[in-house]
Amino acid sequence: MKNKQLSTPQTIFAGATAGLVELLIMYPLDVVKTRAQLVATPRNKVSVYGSLKSIIREGGVTRLYRGIAAPAIQEPIKRSVKFTSNSFYSRIFPDENFHSRAFCGALAGSTEAIFIAPFEVIKIRMQAANRLLNYNSSLHCFQSILKTEGIGSFALGVESALWRSGTWNGNYFGVVWYTKKYTYPLDDDAGKIKTMGRNFCCGLIGGTWATIMNNPFDVVVSRIRNVLPGEPTAYHHAWQSLFRIVSDEGFFALYKGFAAKVMRLGPGGGIMMCAFDLAKSMMLDD
């Protein structure tokens, strides 16, 4: 089975399945992450647990899932584009080494960032604490942005998102490839449980390292996409915003929301890899 390849429709289905599983399990941490990133003051000391409790006190358990409709629609698109484009770029650049796998992953992430930009804008607006009275639902948020800001606002922050997604996916796919091949290699006849355990560990390591590398760009994306027309802002482009944040708040401000983000995308990277491989194995089994 290891030598078999998924067709494009199968890759899309497997990627979409992987994304939805990861989203449903990990979404509350994404809300905590976004809110922490949007606080433009020197580093705060609120823990992930404290943030979760605060959000629940604010609006009940359902507040942890505020805005999930947009990413729920987005995830099948995001993950299928991620895995499909990574497979496509891997055929163009087939060299089996870390640099090639990371490069293809970065291209896949950049492709993904373009497709999901509108959903990301809606998600961040819905998660932001200072927008709770602006939007009643993800649909209302979409309608409001379209009516008051124009369709171009759905591409807000896409330049920064290219850096963010390219950095995360390049590191993720590169590290997953390396750890599968050199750190946890398995024979072709390894059992499914052992293979799934290996894939989770590789995805966990890849997701954790990728999050360390891309968190600064994620902070920038969150801040740029939460700006309404006419509001003053210090954030315009990726690198300009990075330097501005460091200047105003210190270097560690680039890692606001990191604990929640790595708690999501570390294990989430493992869950995503396992879900993708499980869907793949089910479709390739005779």
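**Reading contacts, burial and helix packing**

A: Leaving aside its neighbours within four places in sequence, K123 is in contact with Y27, D30, K33, T34, A70 and P71. K123 itself sits in helix 4. Keep in mind throughout that this is a predicted model.

Q: Is K123 buried or exposed?

A: Burial is read from the relative accessible area, and a residue under 20% counts as buried. K123 has a relative accessible area of 5%, so K123 is buried.

Q: Which residues does R223 contact, beyond its neighbours within four places in sequence?

A: First place the residue: R223 belongs to helix 7, residues 192–225. Its relative accessibility is 3%, and R223 therefore counts as buried. With neighbours within four places set aside, the contacts of R223 are Q37, L38, V39, A40, Y235, I245, E249 and K256. One of these partners, Y235, is 12 residues from R223 along the chain, and the two C-alpha atoms are separated by 7.1 Å.

Q: How do helix 3 and helix 4 cross?

A: For a helix pair, read the axis distance, then the angle, then the handedness. The axes of helix 3 (residues 69–92) and helix 4 (residues 98–127) come within 8 Å, with a crossing of roughly 160°. Angles over 145 degrees count as roughly antiparallel, so helix 3 is roughly antiparallel to helix 4. The crossing of helix 3 past helix 4 is right-handed. The residues of this contact comprise 13 nonpolar, 6 polar and 6 charged.

Q: And at what angle do helix 4 and helix 6 cross?

A: Here the axes come within 6 Å and the crossing is at roughly 140°. Helix 4 and helix 6 are therefore oblique to each other. Helix 4 passes helix 6 in a right-handed crossing, and the contact residues divide into 13 nonpolar, 8 polar and 4 charged.

Q: Which residues make the contact of helix 4 with helix 5?

A: Take the geometry before the residue list. Helix 4 and helix 5 (residues 138–148) have axes 10 Å apart and pack at an angle of about 115°, so helix 4 is roughly perpendicular to helix 5. The crossing is right-handed. Helix 4 contributes V121, I122, R125 and M126, while helix 5 contributes S138, C141, F142 and I145. By class, the residues are 6 nonpolar, 1 polar and 1 charged.

Q: Which residues touch the most other members of the largest nonpolar core?

A: In soluble globular proteins, nonpolar side chains tend to be buried together. The largest nonpolar core in this model has 14 residues, and those touching the most other members are A18, F83, W168, Y172, M272 and F276. Helix 1 (8–37), helix 6 (158–183) and helix 9 (258–284) are the elements that give two or more residues to this core. Helix 9 supplies the largest share, 6 residues.

Conventions: Residues are numbered from 1 along each chain as its sequence is written. This is a predicted model: local features need pLDDT of at least 70, side-chain atom pairs count only at pLDDT 80 or more; totals for chains, interfaces and linings use all residues. Side-chain values use heavy atoms; hydrogens and water are left out. A nonpolar core is a set of buried Ala, Val, Leu, Ile, Met, Phe, Trp, Tyr and Cys residues joined through side-chain atoms within 4.5 Å. Buried means under 20% relative accessible area, exposed over 50%, partly exposed in between (1.4 Å probe, protein chains only). Helices (H or I, at least four residues) and strands (E, at least two) are DSSP runs, numbered from the N terminus. Axes are lines fitted to C-alpha atoms, for helices over the stretch in contact, and angles run from 0 to 180 degrees between N-to-C directions. Angles under 35 degrees count as roughly parallel, over 145 as roughly antiparallel, 65 to 115 as roughly perpendicular and the rest as oblique. A crossing is left-handed if the near helix is turned anticlockwise from the far one by less than a right angle, and right-handed if clockwise. Ala, Val, Leu, Ile, Met, Phe, Trp, Tyr, Cys and Pro count as nonpolar, Asp, Glu, Lys and Arg as charged, and the others, Gly among them, as polar. Contact means heavy atoms within 4.5 Å.
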